[in-house]
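Hi,

Here is the structure I promised to pass on.

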Amino acid sequence: MEHAMTMRELRRPHRLRSGDTVALVAPAGPVPEDLLETGLEQLRAWGLNTRVGKHVRDRHPRLDYLAGTDADRAADLQEAWCHPDVSAVFCVRGGYGSMRILDLLDWTEMAAAGPKLFTGSSDITALHDAFATQLGLVTVFGPMAATKAFTEDAAAREHLRRTLFQPESVTILTRSTADALVPGRARGITYGGNLSIVAGSFGAPDAPTPPERGIAMLEDVTEDPYQLDRFITQLLRAGWFDHAAGIALGSWTECGPLEQVRAVMSDRLGGLGVPILWELGFGHCTAQRTIPLGVAAELDTDAQRLSILQPALL
């Protein structure tokens, strides 16, 4: 399905309300049963009705890093998105595998299902990009229901809840760790997500095109500094930062010494001449912030914050 819509024209889906039905899917890695059950209990405590995809608890017969076969994982997502009673689709964990199902989804049918809320993070970046490109929708990058970031981290879970139910209450994103890598202020459309997944999308015919003026959002986990250097260099050479008005960097958990990661980012990105905010607190970290992708925002390194200029959800 070809789609002429650019990221600056993304539609905002409706916020969640008590009584809504949300569908849980596993587009990537296998799901820990105990975390899934705890996550379901907490979603129900929010007043939501839950539907669990038929294959969420599956394990691929040969590749144990995948939750079921590609066809089954794609079918779960397709069915969840197109079900008329479902208001939102929650990805329950990341890992790896989302990119493998992109060509198995019927984007025309999914577009006909209307705008809905979609949330997940990490490997789910591949689907965030696809939902923006194919469906023209704002999506939500935050903790996932069958991960400890949701089940055990009350601050992360509450920030997600407020974003989904009361988006006007979380329009200022900041963290005590944030500071200026390159000072300045900039406005643009949020885009990006997990660095290695963004870099891995290049070369595909449907690779996402960044907005004409954007705020690039990047984070990663368990990637050594030289690997981060390689990903950033690939994005630079591919022109991914060409229209970036500013850059917000999230967490870099288990990516080696943070001072070395910071040095990589300064060396590779500092010459772009745009404001860069270091360690805003989204990604794989405690009390992680939920961030909307595809919305207008202002980055202010002096104030150490990203301001969402209008609520991410209607």
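Angles run from 0 to 180 degrees between N-to-C directions, with axes being lines fitted to C-alpha atoms, for helices over the stretch in contact. Helices (H or I, at least four residues) and strands (E, at least two) are DSSP runs, numbered from the N terminus.

Please bear in mind that this is a predicted model, in which local features need pLDDT of at least 70 and side-chain atom pairs count only at pLDDT 80 or more, while totals for chains, interfaces and linings use all residues. Residues are numbered from 1 along each chain as its sequence is written, and side-chain values use heavy atoms, with hydrogens and water left out.

Now the sheet. It is open and mixed, with six strands in the order β2-β1-β3-β4-β5-β12; two strands count as paired if DSSP finds at least two bridges between them. At the edges sit β2 and β12 (291-293), each pairing on one side only. From one strand to the next, the twist averages 25°. Strands β3 (residues 86-91) and β4 (residues 117-120) run parallel and are joined by three bridges; V89 has F118 as its bridge partner in β4.

Two helices lie across these strands. Helix α4 (residues 125-135) lies across β4, β5 (139-141) and β12, at about 160° to β5.

The aromatic side chains are worth a look too. There are eight aromatic pairs (Phe, Tyr and Trp rings, the six-membered one for Trp, with centres within 6.5 Å; planes under 30 degrees apart are stacked, over 60 edge-to-face, the rest tilted). The W46 and F165 rings have centres 6.0 Å apart and planes at 85°, so this pair is edge-to-face. Because W46 lies in the loop between α1 (33-45) and β2 (49-52) and F165 in helix α6 (residues 154-165), the pair ties together parts 119 residues apart in sequence. W46 counts as buried at 14% relative accessibility, and F165 counts as buried at 13% (buried is under 20% relative accessible area, exposed over 50%, partly exposed in between; 1.4 Å probe, protein chains only).

Y191 and W240 form a tilted pair, 4.6 Å centre to centre with 50° between the planes. F118 turns up again here, in a cluster linked by ring pairs with W81, W107 and F131.

Best wishes

Key:
Contact = heavy atoms within 4.5 Å.
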